[in-house]
Amino acid sequence: MNLSIGLTINGERRDIVLEDPRVTLLDLLRERLQLTGTKKGCDRGQCGACTILVDGKRINSCLALAISHDGADILTIEGVAQGEHLHPVQAAFITHDALQCGFCTPGQIMSAIGLIHEGQAGDDPERIRECMSGNLCRCGAYAGITEAVQEAQKILGNTRTERAA
Amino acid sequence: MNRFDYVRPTTLAEAVTAAAAPGAAYLASGTNLLDLMKGNIARPSRLVDITRLPDLDGIETLSDGSLRIGALVGNADLAHDAEFAKTYPAIAEALLSGASAQLRNAATVGGNLLQRTRCGYFYDTASRCNKRTPGSGCDALGGDNRLHAILGWSESCIATHPSDFCVPLAAFDAVVEIEGKNGRREVALEALHRLPGDAPEHDSVLAPGELIVAVRLPASARAFARHSRYLKVRERNSYAFAIVSIAAGLVVENGTIKEARLALGGVAPKPWRARAAEAQLVGSAAGPGAFGRAAQVALSEAKPSGDNAFKIELAQRLIVRALAAAAAGTPDRIPALPASPFSTPAGALHV
């Protein structure tokens, strides 16, 4: 059984030999690569704390076998800021006080980045709430989260329009 | 999670051969399978990773007007395909009402069809469950069974099939293409899932090693595009399985129903097509009288499997609601909260 894989993680190519095919992307990131920003909440696809982008799409990394994602391009919370400049979604979470304990926040932010990229919700708060329902917040910061995603959507949506123009 | 052998074939023939080994299971995205493996409910000795197989991720219109959807097409990709959503709006709405955005991004068409029940006793390895451990008994009978089946159940199993996607697929006569060691065969989606009888461990008619490669929608399904809806009652209004769901499609001419399609989810061990109710609707005026009579017919054989008699009336009421919504016309855009019976065409806030 060949257990060697190649992944691009936050722009960096990594060649990895897995010790076991059971390793999930979540455990690989946290235990092998020390990228502990991605959180393990339920480990069963119910809470969204482990959300990352794989080939540009948000998924639950706890329900993804690393071996099956050989060749994938992965973005985690560690890769979204540009040096000292926060990603607009990160900045909006701070502006709108969209967290309390912070445990779910990396997953919320990655999910919001994925949502904005999907372009299905716009800045409609009801669609944002529905499209963020895969991310639970035990502290109940949902009002701030919705506002933060609305604001980030406006910023990123405008950026996208400017680039297209 | 048990140890397993992992293989990643690159051709369909290799995959089918690899999966012929006893204890083998196919792996697509694994959103359900890995969850079951983490809970020790599924213990495959080999995973046959089908994600690199060619030609399973396309959506194509065939010369006879049918639509062929590859088994590896993602649930979100299918629902957000503009042409698909316009032509099969109830199917897109069902897809978007299921799971979360993250799971819909990962989950595949074939995997959705073969996902297993969410009966709590099936998931709890300390409980008796004939589906998980044949012959062990059923702790759902006489247990916490508010959400269990009211149609098609047996004394050996009262679990429901959890898929939203399968409900409109059953209504609109979808066909499943299956590859096995003896070649290709086709099964109507309505006949894919088995009733439990005394062998609830077999969810479907697939033989060991068989693989779903595509789902086809016949050209006849297009006729319902202007009058079709999927409605779903849940314990919470997003990211929850159905207590009861309804897929409804109508062809209406001058106020008279020319054709009808109706299927129920969350009520039976399989997506439940209500053919007698469809026949009842045809020729009637599209209105509350006909919808109510169809609802009565659809549930005429229902009986509670426990503390769930309420689901019979709930299903009847949701049928009336779904048929009324379908008759009113498919909305231009899927509501903010897909399939919610509380959504209004005007989009009034409800969460």
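A residue is called buried if 20 or more other C-beta atoms lie within 10 Å of its own, exposed if 12 or fewer do, and partly exposed in between, with C-beta atoms placed from the backbone. The structure is a predicted model, in which local features need pLDDT of at least 70, side-chain atom pairs count only at pLDDT 80 or more, and totals for chains, interfaces and linings use all residues. Residues are numbered from 1 along each chain as its sequence is written, while chains are lettered from A and ligands numbered from 1 in the order in which they are written.

Chain A is described first. Helices (H or I, at least four residues) and strands (E, at least two) are DSSP runs, numbered from the N terminus. Chain A has five helices and five strands. From the N terminus on, its elements follow the order β-β-α-β-β-β-α-α-α-α. The radius of gyration of chain A is 16 Å, close to the 15 Å that the globule rule gives for 165 residues, so chain A is as compact as a globular protein of that length. This radius is taken over C-alpha atoms, and the globule rule is 2.2 Å times the number of residues to the power 0.38. Along the principal axes, the C-alpha trace of chain A spans about 50 × 40 × 30 Å. Of the 165 residues of chain A, 42% count as buried.

Strand pairing comes next. Two strands pair if DSSP finds at least two bridges between them. In chain A, β1 (residues 4–9) and β2 (residues 12–17) pair in the antiparallel sense over six bridges. Within this pair, A:Gly6 has A:Asp15 of β2(A) as its bridge partner. The hairpin has two residues between the strands, and A:Asn10 takes a positive phi near 50 degrees there. β1(A) also pairs with β5 (residues 73–75) of chain A, in the parallel sense and over two bridges. Here A:Thr8 stands opposite A:Asp73 in β5(A).

Chain B holds an open sheet of four strands. Its order is β9-β10-β11-β12, with antiparallel pairing. The edge strands are β9 and β12 (272–273) of chain B, each pairing on one side only. β10(B) and β11(B) (residues 256–265) pair over nine bridges. B:Ala247 stands opposite B:Ala263 in β11(B).

Helix α5 of chain B (residues 89–96) is mostly covered, as eight of its eight residues are buried. Among them are B:Pro89, B:Ile91, B:Glu93 and B:Leu96. Two residues are in contact if their C-beta atoms, placed from the backbone, lie within 7 Å. The buried residues of α5(B) pack against several elements of chain B, including α3 (75–79), α6 (101–106), β9 (228–233) and β10 (244–253).

B:Ala18 belongs to helix α1 (residues 12–18) of chain B. This residue counts as buried because 20 C-beta neighbours lie inside 10 Å. Leaving aside neighbours within four places in sequence, B:Ala18 is in contact with B:Val7, B:Pro9, B:Ala24 and B:Val48. B:Ala18 and B:Val48 are 30 residues apart in sequence, yet 6.7 Å apart in space, C-alpha to C-alpha.

The two chains also touch. The contact takes 25 residues from chain B and 28 residues from chain A. On the side of chain B that touches chain A, α6(B) gives the most, with five residues. The residues of that side divide into 13 nonpolar, eight polar and four charged. Ala, Val, Leu, Ile, Met, Phe, Trp, Tyr, Cys and Pro count as nonpolar, Asp, Glu, Lys and Arg as charged, and the others, Gly among them, as polar.
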